[in-house]
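Thanks for coming. I have one model to go through today, so please look at the sequence and the structure first.

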Amino acid sequence: MDRREVAESEVVERSEGQLAANWMLQHPKYRELMNLDVGDSAQVYAAFLVYLDLTEVRQWREVTSRGSSELQLVFLEGREREGERAQVILPLPAHRTLSHRWVRSLFRERPGEGLAAAMLLCVVASDSSLVYQRLCPGLLTPDPPVGIEDQGRRQHRKRRLR
């Protein structure tokens, strides 16, 4: 190869590398999320990763996005299986702090936004790993653990204390 061919191949390799690095910026869903005018770009990035997980990995149906200008958040909505009710998903970067007051404010009635009675919080770590947690207003009693029996340890403890 002569110098010209080597230079052309280097340009092609560099442009392919840039395209691979910027594929996300060109993705139509990422562009749609950016157009929601949510001020936090980390939250938009988290929403895009959750969108990809729901649609490509978990095979959810009808996954859509909407922004909340009041809360400055992106919400996703989709169906886990065909015919089921739509679920609201709140993607958040892991560095974002939450408070009970803030979480409760998500469930208050907001005209025109119609948030669900329950939603999935999806925390996105810096390494792009995702953790889902169901959020509900109020307190829920958890199901009892399976296979654990009361072995009467309190009675034995009382006997030792006497």
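I'll start with a list. The buried residues of α4 are Q43, V44, A46, A47, F48, L49, V50, Y51, L52, D53, L54 and T55. Buried here means under 20% relative accessible area, exposed means over 50%, and partly exposed is in between, with a 1.4 Å probe and protein chains only. That list covers 12 of the 17 residues of α4, so the helix is largely enclosed by the rest of the structure.

Before going on, the conditions. This is a predicted model, in which local features need pLDDT of at least 70 and side-chain atom pairs count only at pLDDT 80 or more, while totals for chains, interfaces and linings use all residues. Residues are numbered from 1 along each chain as its sequence is written, and side-chain values use heavy atoms, with hydrogens and water left out.

Now the overall layout. The protein has 6 helices and 5 strands, in the order α-α-α-α-β-β-β-α-β-β-α along the sequence. Helices (H or I, at least four residues) and strands (E, at least two) are DSSP runs, numbered from the N terminus. Of the 162 residues, 30% are buried. Contact means heavy atoms within 4.5 Å; among contacts between residues at least 6 apart in sequence, 49% join residues at least 24 apart.

Back to α4. From first C-alpha to last, its 17 residues reach 23 Å, close to the 24 Å expected at 1.5 Å a residue; the expected span is 1.5 Å times one less than the number of residues. At its start, a side-chain oxygen of D40 comes to within 3.1 Å of the backbone nitrogen of A42. Just after the helix, Q59 has a positive phi of about 60°.

The largest one has 21 residues, and V50, L54 and I89 touch the most other members. Two or more residues each come from α3 (28-34), α4 (41-57), β2 (73-79) and β4 (119-124). The biggest contribution is that of α4, with 9 residues. Apart from this core lies another, of 13 residues, including L71, L90, L106 and L135.

Take V50 as an example. Not counting residues up to four places away in sequence, V50 touches L76, I89, P91, C122, V124, L130 and Y132.

Y132 sits in strand β5 (residues 130-135). Is Y132 buried or partly exposed? With a relative accessible area of 22%, Y132 is partly exposed. Leaving aside neighbours within four places, its contacts are V50, D53, L54, R58, L121 and C122. The side chains of Y132 and D53 are joined by a polar contact of 2.5 Å. By polar contact I mean a pair of N or O atoms within 3.5 Å; within protein, one must be able to donate a hydrogen and the other to accept it, and residues adjacent in sequence count only if both atoms are side-chain atoms.

Two cysteines to finish. C122 is buried, at 0% relative accessible area, whereas C136 is partly exposed at 23%. Taking a disulfide as a pair of cysteine sulfur atoms within 2.5 Å, the count is 0.

Definitions and conventions
Core = buried A, V, L, I, M, F, W, Y, C linked by side-chain atoms within 4.5 Å.
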